[in-house]
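Reader: Can you walk me through the labels used for this one? I'd like to see what each rests on.

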Amino acid sequence: MSRLLNIICIVLGGAIAIYVQAEDQQNTYILVGGIVLLMFGVYQISRNVPSKFENQEEESFIQTEKDED
């Protein structure tokens, strides 16, 4: 449900921003509101995406040999 709401925010915010930008006399407040709605949706979705570097072991091109006793 939350993800659907965020996608709706993104689509609605983008549509509002494009519509207001296309008019001859732009209403700045509606344009800013559309951009804020768009950015809010993008932020909420990006919070749930895991980091690329999270839980990644350090990789090296050099392999070390284990000492045998």
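**Labels and their cut-offs**

Reader: What makes Leu37 count as partly exposed?

Author: Leu37 has 25% relative accessibility. Buried means under 20% relative accessible area, exposed over 50%, and partly exposed in between (1.4 Å probe, protein chains only), so Leu37 counts as partly exposed. Bear in mind that this is a predicted model, where local features need pLDDT of at least 70, side-chain atom pairs count only at pLDDT 80 or more, and totals for chains, interfaces and linings use all residues. Residues are numbered from 1 along each chain as its sequence is written, and side-chain values use heavy atoms, with hydrogens and water left out.

Reader: Which residues does Leu37 touch?

Author: Cys9, Leu12 and Gly13, leaving aside residues up to four places away in sequence; contact means heavy atoms within 4.5 Å. Leu37 sits in helix α2 (helices are DSSP runs of H or I, at least four residues, numbered from the N terminus).

Reader: Why are α1 and α2 called roughly antiparallel?

Author: Their axes cross at roughly 155 degrees and come within 7 Å. Axes are lines fitted to C-alpha atoms over the stretch in contact, with angles from 0 to 180 degrees between N-to-C directions. Angles over 145 degrees count as roughly antiparallel, under 35 as roughly parallel, 65 to 115 as roughly perpendicular and the rest as oblique, so α1 and α2 are roughly antiparallel.

Reader: How do you know that the buried residues of α1 line one face?

Author: Asn6, Cys9, Gly13, Gly14, Ala17 and Val20 are buried in α1. Down the helix axis they fall within an arc of 140 degrees, so they line one face; the arc is that of the directions from the axis to the C-beta atoms.

Technical notes. Helices (H or I, at least four residues) and strands (E, at least two) are DSSP runs, numbered from the N terminus.
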